[in-house]
Structure formats: structure tokens, C-alpha cells
Amino acid sequence: MARILVTGGTGYIGSHTVVCLMEQGYDVVIVDNLSNSNVEVLDGIEKIVGRRPDFENIDCLDFTNMDRLFDRYTDIEAIIHFAASKAVGESVEKPLLYYRNNIVSLVNLLELMSKHSVHHIVFSSSCTVYGQPDAQHLPVDETAPIQKALSPYGNTKQINEEIIQDTCHANEHIHATILRYFNPIGAHPSAEIGELPNGVPNNLLPFVTQTAAGLREKLRVFGDDYNTPDGSCIRDYIYVLDLAKAHVKAVERMLSGKAEEQVEIFNLGTGRGLSVLEILRTFIKVSGVNVPYEIVGRREGDIEQVWAKPDRANKVLGWKADTPVEDVLLSAWKWEKHLRGIK
């Protein structure tokens, strides 16, 4: 079976994707510098799958060691590139960190792909490339206009997509799939892997579950004065395992020669928008645990409302995100309880 290189593979989405790849029989080598993940994730992957992926503690910015990795693993047939800094708020405060980490890592990979004759890459992009879509473009499909990014993080995704397009235009041997996903949540049903951010979480659900577990005094909801039914931001929350399976579908499509274009783009979401307060209230209902919260001011870089029109991914990739949100929230709570030893 083909070997797949997964950068950022001990991270949240990466680890779930590694599980899905290995369950389909792929050999996987993970590259991760562990800047926002934990090496113990490999134990969780092994418990679920029954075998351990190869792991290399390398920073994708380190061209020399990445080059040596391709020399060691000469059978890599595709790359799934997750490795990136990803906190919107932090990117506003530290833009140069984001431009260096997110852009140079991709440039290094694309150069090494040409050098080592690796022809397929799946790029982890984001719905942030659409900015705040106009009303006529909600829900968002792949034809919606790319708008000026509201954060350096979003801008790195736009720039990286352009770099991929330009590279593929210049090199007919490189094929790319760009997956623009919405908001991943939840954890593997085994509770062996899940979202485990270092430090204070930047995403909603880990903050909810950590508050429910008593680690945090209360949840902060950034703004209740948006033009939405309950005033809080609306997102398309997608189960991380559903999202992971789309990456496997993308790899299969490229390796089997079924891709119809050199660069294919898919929006990955459920097609349903839920507000921050809806997620919070649903979590409280299904878990039976109260979550104290307070409304605070808006957070710079946040988009008011966005959700996907995933028809293209449904039809062309043969993929659909259909796990009920109640089950997804319970999986996240099961993971949090596993981490904290809560019965």
C-alpha cells in the first residue's frame, strides 16, 4: 500500500486523519515539531489502529532535515500538509510568526516534491479564504469570491493556495487537492485521541469541555451583538472524523488518477450553521453538565457567520459529513473526561 507523509500528524485533525489512513491500509510517516501537540498522541493512534505510524520530529521549516527524510522514505506517494500555526487571534498579534511558519513550510515541501518525484499533495486550507461572504454567497460554495483576509492566519491560507496554483501551473507533474474546511470539533469515539491544545484553547469546544471539567472558571463568548438570531457568531461545525475521511478520499482520488483537474478544490462542511450559543446550550443539554459563561467584547479577526455548501464534495469526492452534532459534542466530552480521569 502507498506511503503517505502527514505533516502536523500528531495534531488534532492530523492524528484523526492518520487513523483513517492506517485503517484503510496506508503506511504513514508523520512529521511534526510538537509545537502544538504531544508525542503521546502516537500511543493513542496505536491503541486504535493496532500499529504505530512512523514518526519524525522535524520542523517543516528545516529544509535540510526534510530533504533527508525524503531520502530515507523513498516510497512516499502523497503528502497531506497540516503543519501550520492556526490561531486567528495570535496571528493578529504575531503576524511574522504566521507568515514564516505557514508559508515557508509549504514552499519547502513543494520544492522537495519536485526534487524527490512526489506528485500529489493535499493542502489543509480554510473557509477563512472567503472572509465574511455576502448574503448571496451563503451558504458558501467553491465559486464564492475570495475576499481580503481578516487575519494574517487567513491570509496565509490564501497565499498558500496561490503558491500551489502557481507551482502546479509551472510543473505539470504536481497535482494538488485543496480542502477548505469549516470548524472541526469532536474526538475519536474511543477517546484515545482528540483536541489537545497546548496552553489556553483558541477553539470553542475545548474551552467548553475544559470549563465543564472545572479546569476553567467560565467560558467567554466573544460578542452577542452580531447580526445573527441570538447575536453570537455562526459557524459550520464539522465532526473531525468526518473531516479526516475526506482527506483519505482526496488521496485515493489523486492516486487512482480520477482527479479531473491538476488542482481540485472542495469545501468541507455540514451545510448547516450553528451559533456559539447553540453549541453551548446543546452541549449542556446532552452532557447534563452546566457550563458557566460570560459575554465579552468581539474578538478581532472573527467572522460574523459562515457555513458551507458542500455539494461538490458530496458529489465529486463521494463524501459527506453527517454525524449528528449531539454525538459529536458527546465525543468531545468523553475525550475531556478521559484526559482528566473523570468518571
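## Helix packing, salt bridges and backbone geometry

F207 is located in helix α7, which covers residues 204-212. The model described here is a predicted one. With a relative accessible area of 13%, F207 falls below the 20% limit and is therefore buried. Leaving out residues up to four places away in sequence, F207 touches V200, P201, R216, K218 and L219. P197 lies 10 residues from F207 along the chain, and the C-alpha atoms of F207 and P197 are separated by 10.0 Å.

Two packed helices are described by the angle between their axes and the distance between the axes.

Helix α5 spans residues 95-116 and helix α6 spans residues 152-170; their axes come within 9 Å and cross at roughly 20 degrees. Angles under 35 degrees count as roughly parallel, so α5 and α6 are roughly parallel to each other. The crossing of α5 past α6 is right-handed. On the α5 side, the contact involves P95, Y98, Y99, N102, I103, L106, V107 and L110. On the α6 side, the residues are P152, Y153, N155, T156, I159, N160, I163, I164 and T167. By residue class, the contact of α5 with α6 comprises 12 nonpolar and five polar residues, with no charged ones.

The other pair is α3 with α5. These helices pack at an angle of about 35 degrees, and their axes are 10 Å apart. As α3 passes α5, the crossing is right-handed. From α3, the contact draws on F63, M66, D67, F70 and D71. From α5, it draws on N108, L109, E111, L112, K115 and H116. The residues of the contact of α3 with α5 divide into five nonpolar, two polar and four charged.

**Salt bridges**

Side chains of opposite charge can pair when their charged atoms come close. In the whole structure, 17 salt bridges are found.

| Pair | N to O distance | Relative accessibility |
|---|---|---|
| K115 and D67 | 2.7 Å | K115 54%, D67 14% |
| E90 and K94 | 3.8 Å | E90 28%, K94 43% |
| R299 and D302 | 3.0 Å | R299 30%, D302 17% |

The limit for an exposed residue is a relative accessible area over 50%, so K115 at 54% is exposed. D67 has a relative accessibility of 14%, and because buried means under 20%, D67 counts as buried.

In the E90 and K94 pair, E90 is partly exposed at 28% relative accessibility, and K94 is partly exposed at 43%.

**Backbone geometry in the loops**

Most residues other than glycine have a negative phi, and most peptide bonds are trans. The following sites depart from that pattern.

The peptide bond that joins L138 and P139 is cis, with omega at about -5 degrees. P139 sits in the loop between β5 (120-126) and α6.

L34, a residue other than glycine, has a positive phi near 60 degrees. This residue is placed in the loop between β2 (27-31) and α2 (41-49). L34 has a relative accessibility of 23% and counts as partly exposed.

S117 also has a positive phi, near 55 degrees, and is likewise a residue other than glycine. S117 lies in the loop between α5 and β5.

Notes:
Residues are numbered from 1 along each chain as its sequence is written. This is a predicted model: local features need pLDDT of at least 70, side-chain atom pairs count only at pLDDT 80 or more; totals for chains, interfaces and linings use all residues. Side-chain values use heavy atoms; hydrogens and water are left out. Axes are lines fitted to C-alpha atoms, for helices over the stretch in contact, and angles run from 0 to 180 degrees between N-to-C directions. Helices (H or I, at least four residues) and strands (E, at least two) are DSSP runs, numbered from the N terminus. Angles under 35 degrees count as roughly parallel, over 145 as roughly antiparallel, 65 to 115 as roughly perpendicular and the rest as oblique. A crossing is left-handed if the near helix is turned anticlockwise from the far one by less than a right angle, and right-handed if clockwise. Contact means heavy atoms within 4.5 Å. Ala, Val, Leu, Ile, Met, Phe, Trp, Tyr, Cys and Pro count as nonpolar, Asp, Glu, Lys and Arg as charged, and the others, Gly among them, as polar. A salt bridge is a side-chain nitrogen of Lys or Arg within 4 Å of a carboxyl oxygen of Asp or Glu. Buried means under 20% relative accessible area, exposed over 50%, partly exposed in between (1.4 Å probe, protein chains only).
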